[in-house]
Structure formats: C-alpha cells, structure tokens
Amino acid sequence: EAQVELDKALPFLHDAESACNSITKKDIVEIKSNRKPLDIIKLTFDGLQLLMSKKVVEVGMEDKSINKVSAPFLIDSYEAYSSKEVSDMNFLSNILDFASNEKDNINDETCE
C-alpha cells in the first residue's frame, strides 16, 4: 500500500525538481524588479517560506485577485518576509540547495 502511494507521489516530486532546476538568475532579477507582483506570485512565495520553515505573517483574510477573480483569501507575507528573501544574493542557490538537500526534511506538520 505504501509503495502505491509513493508511486502516485513520485511524478509530482519529479515535476517539482524540474521546476526548481529551471529557475534562472534572470527569473530572480525579474521578480526583484517587479514592485507589485501578482497575488499568485506572493502566495507561491508564502508556500516556499512555509516549506523552508521561515517566518510568515499572522493568519488573516483579505481580498486576492487570481485569474482576474477576486475572493477572500489569506494575507500574504511577501512584503514582510519574502521580498527580503528574494533580495538576498544567495536566494537562488539557497532554494536550489533546499530542493536538492533539504526537501526530505519536510514533515506532515509543515504540509498541513
């Protein structure tokens, strides 16, 4: 049974690894230069902050716009935390290192 679940999950792991390895310095420069990133980008960075066990803001609600649809959603941590992470000159190497070496340390509590 465990092998069946693992076999289901492995394609997602491989997709995530490929996505991490496709990130370039140019991509990071583009994100840094974007003064008002889209909500989906901000929320993606919140996910990254959580996976890497870094700080996020207290839970709260605000309207978000995703695919031109506005709806109440969690407040993002981009301005408070993620924008500082992206500005770190080692940001790309840090996330690539995390993808290669630290991903196995993600536990069930982090995923919840």
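Colleague: With which residue does the side chain of E85 meet in a salt bridge, and at what distance from N to O?

Modeller: A salt bridge calls for a side-chain nitrogen of Lys or Arg within 4 Å of a carboxyl oxygen of Asp or Glu. The side chain of E85 meets such a partner in K54, and the N to O distance is 2.9 Å. E85 belongs to helix α4 while K54 sits in the loop between α3 and β1, so the bridge ties together parts that are 31 residues apart in sequence. K54 is partly exposed, with a relative accessible area of 29%, and the answer to your question is therefore K54, at 2.9 Å.

Colleague: How many salt bridges does the structure hold, and which residues are linked in a network of them?

Modeller: The structure holds 4 salt bridges. In one of them the side chains of K64 and D76 meet at 2.3 Å, N to O, and since K64 lies in strand β1 and D76 in the loop between β2 and α4, this pair ties together parts that are 12 residues apart in sequence. The total is 4, and the network is made of E62, K64 and D76.

Colleague: Which helix holds both K8 and E5, and how many residues apart are they?

Modeller: The side chains of K8 and E5 meet in a salt bridge, with 3.6 Å from N to O. At 51% relative accessibility K8 counts as exposed, whereas E5, at 45%, counts as partly exposed. Their separation is about one turn of the helix, and the answer is helix α1 (residues 2-21), with K8 and E5 3 residues apart.

Colleague: Let us turn to the aromatic rings: what kind of pair do F45 and Y78 form?

Modeller: A search of the whole structure finds 2 aromatic pairs. In the pair of F45 and Y78 the ring centres are 5.7 Å apart and the planes stand at 70°, and because planes over 60 degrees apart count in this class, the pair is edge-to-face. F45 lies in helix α3 (residues 39-51) and Y78 in helix α4 (residues 78-87), so the pair ties together parts that are 33 residues apart in sequence. The name asked for is edge-to-face.

Colleague: What kind of pair do F45 and F91 form, and which residues do ring pairs link into a cluster?

Modeller: The ring centres of F45 and F91 are 6.0 Å apart and their planes are at 35°, so the pair is tilted. This pair links distant parts of the chain, with F45 in helix α3 and F91 in helix α5 (residues 91-102), 46 residues apart. Both F45 and F91 are buried, and Y78 is buried too. The pair is thus tilted, and the cluster consists of F45, Y78 and F91.

Colleague: Which residues make the nonpolar surface patch?

Modeller: One of its members is F73, which has its place in strand β2 (residues 69-74) and counts as partly exposed at 40% relative accessibility. The patch covers about 430 Å², and its residues are V59, M61, F73 and L74.

Colleague: What is the phi of N67, and where is N67 placed?

Modeller: Most residues other than glycine have a negative phi, but N67 has a positive value. N67 is exposed, with a relative accessible area of 73%. Its phi is near 55°, and its place is the loop between β1 and β2.

Colleague: Which element has the lowest mean pLDDT?

Modeller: The protein chain averages a pLDDT of 88, and 99% of the residues score at least 70. Where pLDDT is low, the predicted coordinates should not be read in detail. Among the elements of the protein chain, α4 has the highest mean, 91, and the lowest, 74, belongs to helix α6 (residues 108-111).

How values were computed. Residues numbered from 1 in each chain as written. Predicted model: local features only at pLDDT ≥ 70, side-chain atom pairs only at ≥ 80, totals over all residues. Heavy atoms only, no water. Phe/Tyr/Trp six-rings, centres within 6.5 Å; stacked < 30°, edge-to-face > 60°. Helix = DSSP H or I, 4+ residues; strand = E, 2+ residues; numbered from the N terminus. Buried < 20%, exposed > 50% of the residue type's maximum accessible area, 1.4 Å probe, protein only. pLDDT = per-residue confidence, 0-100. Patch = residues over 30% accessible without salt bridge, like charges linked within 9 Å, V, L, I, M, F, W, Y side chains within 5 Å. Areas by Shrake-Rupley, 256 points an atom, 1.4 Å probe, with all protein chains shown as cover.
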